[in-house]
Amino acid sequence: MASITQLVRRFLERPGSIDRTPFERTVAAAATREDRIRELTELPVPSVDDLPEFCAIVRETAHRTLGLRPYDVQLVGMLAMMSGNIAEMATGEGKTLSGAMAAAGYALQGKRVHVISVNDYLAQRDAEWMGPLYDALGVSVGWIGQSSSPEERRAAYAKDVTYGSVSEIGFDVLRDRLCTDVADLVVPAPNVALVDEADSVLVDEARVPLVLAGSADPGGAVPEMAALVRQLVKGYHYELDDQARNVHLTTKGIDTVEQALDLDLYDSPSSLTEVNLALHAHALLTKDVDYIVRDGKVQLINPSRGRVAMLQRWPDGLQSAVEAKEALSPSETGEILDSITVQGLITRYPEKCGMTGTAVAVGDQLREFYDLKVAVVPSNRPCVRIDEPDRLFEYRMEKDHALVDEIVEVHATGRPILIGTLDVAESERLALTLSGRGLNCVVLNAKNDAEEAAIISGAGERGTITVSTQMAGRGTDIRLGEGVDELGGLYVIGSGRHTSSRLDDQLRGRAGRQGDPGGSIFFVSGEDELITHYVADEYATGVPEHTLVGHAQRVAEGVNMEIHRNTWRYTRLLELHRSLVLDLRDKILRGHSAGEALSAGAPERWSELEETVGEDVLHEAARQIVLFHLDHSWADHLADLADLREGIHLRALGRLSPIDEFNKEAKAAYQRMLAETESRSIATFETASITADGLDLDGAGLKRPTATWTYLVQDNPFGTEWERILNRLTTKVRRR
């Protein structure tokens, strides 16, 4: 039978939350030692074996080195993380310091810690800001960013605590998969992952795999296709599905395209692919919403962060299709060398913990996918922010007018306003409208996110109007200017509800920091994407009800959770395969297992070469040969499983379980991959030119990619080429 405490937690909708009483008792015990610790001229290095003493020393060290005396709740958050939990702490409650103290606690136990953030800016800022605290505790700290060289990365990872964005750490792990010399490895064996903005990283980012690509070729999009689909009319030539995630040509659209191209699409699968890519780029990807064009390049916008997704791109020709749409030169394309989901990356760490302001809402996912529970840490001071009910409208135009009127009215009082918009385009339209009403505002979006710290830090000054996309992970407190508290504090306005209530809460949380006064309100219309995409069947006309808006968010969150769950179902076995391959690769890289395999597979060739080139040269040649074919076979394995997954749902027609069928075939494919690696390696070894100077890599056909880049991967919206042909055949039958 569930305890009363468990029942209460369930009633309060706090899935996975834990009892923080033990942490509070430890902090209370630490308070009894503070006077003695404060009188010490030199503070000792604390031991985590005595947690009250550790808390007292770390608190005093932070006070002396940073000028910050951690609140009791910050110490509670630290202890929650050191116990392997996610600490939910409200915005402005000092998560950065709590995380640093927890990281130091792990490091003092001899564990290597990676503090994983959502962007490079926060990684560098927090590592440098918390540096004096780490130094005083005898803990070394470093950070990596997009511009870090391999040497700088290696040095940063050698520290006790390393700060880095989830994408940079993930791509370093993938790049290490291509190393052919131990000296080139960058990332050491993982110990502890401490994840900042844990819900954003572990949940929102988990649906988008990190992918490394190479073997560059020119992009293949046809500009004429972009021009053709631009003439097509939505609802007549093509239609979108209910969630606006997929697009397809209608019968009339197919006829129009076939006449324009003077061909039968069914007889030309490549043309069909080009049309579908161009149509997807035209109908489903919007400039200044899904991507921006800057410096002559298409740059993706991360939907969960509102920032440019640096070095990321779409796969399967979609990137060059968008470039053709924007009349830009096509960039290079290439084969996928390796990929890893954020979930696969984080589960590499034996110990995991983290912090965020909104963890309870995704407590079920954190427990299901990462075996993590949430410790809800109370705020240091009660929150007195006034959250007004949503203002609801039938039409978007009504909402937009009311929104601007509200801004004008509140601005006249001098009260600072922060407006959260849903995308870049909306933020710029709003700024233009406000300018037309004689109001100046500061805009923070994916186009100028480099200036974000300065913009956010000034958002609490009297008379300031700040327009921003996505406040999660901005990482800078908004302090109220002089006299602003008398005006009611910062006023937060949401131009619409996000698909996740957590993002709304993160925006709200910018006001009411540390007991400051503040207020928030959201404007919603029946034409907003949240309503039209997720509850269109339940909403006809009129002003939507508050309950409908909440229901729409729950539906959207359910859809995203199912995408996450489905992604993990199909990648769980792949992650196991990757682990096995990495173990095998590490043995090859560091030892003589490659030579042993080739000497057993081609004993005569081995004996012959051993006499002429020497054992050391021969082992190095064997290492290069086997590593190349293992990496090549792994890339082929990924491609095979991607093709398998795209069509596996058709097995359901035969009353078979798609996931069971996928796993069965994936296991067999893995065994074939190992066998092919061995046979290819032996074949190369038999014919390769190996002299005393070593192996002729180019002559043996073992040339590796000269450059790599990353992909932003999503499920293929068009299906496989075979499925497209099948759909076309079905359409033909219907027309007849």
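This is a predicted model: local features need pLDDT of at least 70, side-chain atom pairs count only at pLDDT 80 or more; totals for chains, interfaces and linings use all residues.
Glu611 counts as exposed, because its relative accessibility is 72% and the cut-off for exposed is over 50%.

## Aromatic pairs

Now for the rings. A pair of aromatic rings is described by the distance of the centres and the angle of the planes. The model has four aromatic pairs.

One of them joins Tyr134 and Tyr163: the ring centres are 6.3 Å apart and the planes meet at 70 degrees, so this pair is edge-to-face. Since Tyr134 belongs to helix H8 (residues 131-136) and Tyr163 to strand E4 (residues 161-165), the pair ties together parts 29 residues apart in sequence. Both Tyr134 and Tyr163 are buried.

Helix H25 turns up again with Trp606, which pairs with Phe685 of helix H27 (residues 658-687), so parts that are 79 residues apart in sequence are tied together. The Trp606 and Phe685 rings are tilted, at 5.9 Å centre to centre with 40 degrees between the planes. Trp606 is buried, and Phe685 is too.

Where does Ala90 sit? Look in the loop that runs between strand E1 (86-88) and helix H6 (95-107). Ala90 is partly exposed, with 36% relative accessible area.

Along the chain, Ala90 and Gln514 are 424 residues apart, yet their C-alpha atoms are separated by 9.0 Å.

Methods: Residues are numbered from 1 along each chain as its sequence is written. Side-chain values use heavy atoms; hydrogens and water are left out. Helices (H or I, at least four residues) and strands (E, at least two) are DSSP runs, numbered from the N terminus. Buried means under 20% relative accessible area, exposed over 50%, partly exposed in between (1.4 Å probe, protein chains only). Rings of Phe, Tyr and Trp (its six-membered ring) pair if their centres lie within 6.5 Å; planes under 30 degrees apart count as stacked, over 60 as edge-to-face and the rest as tilted.
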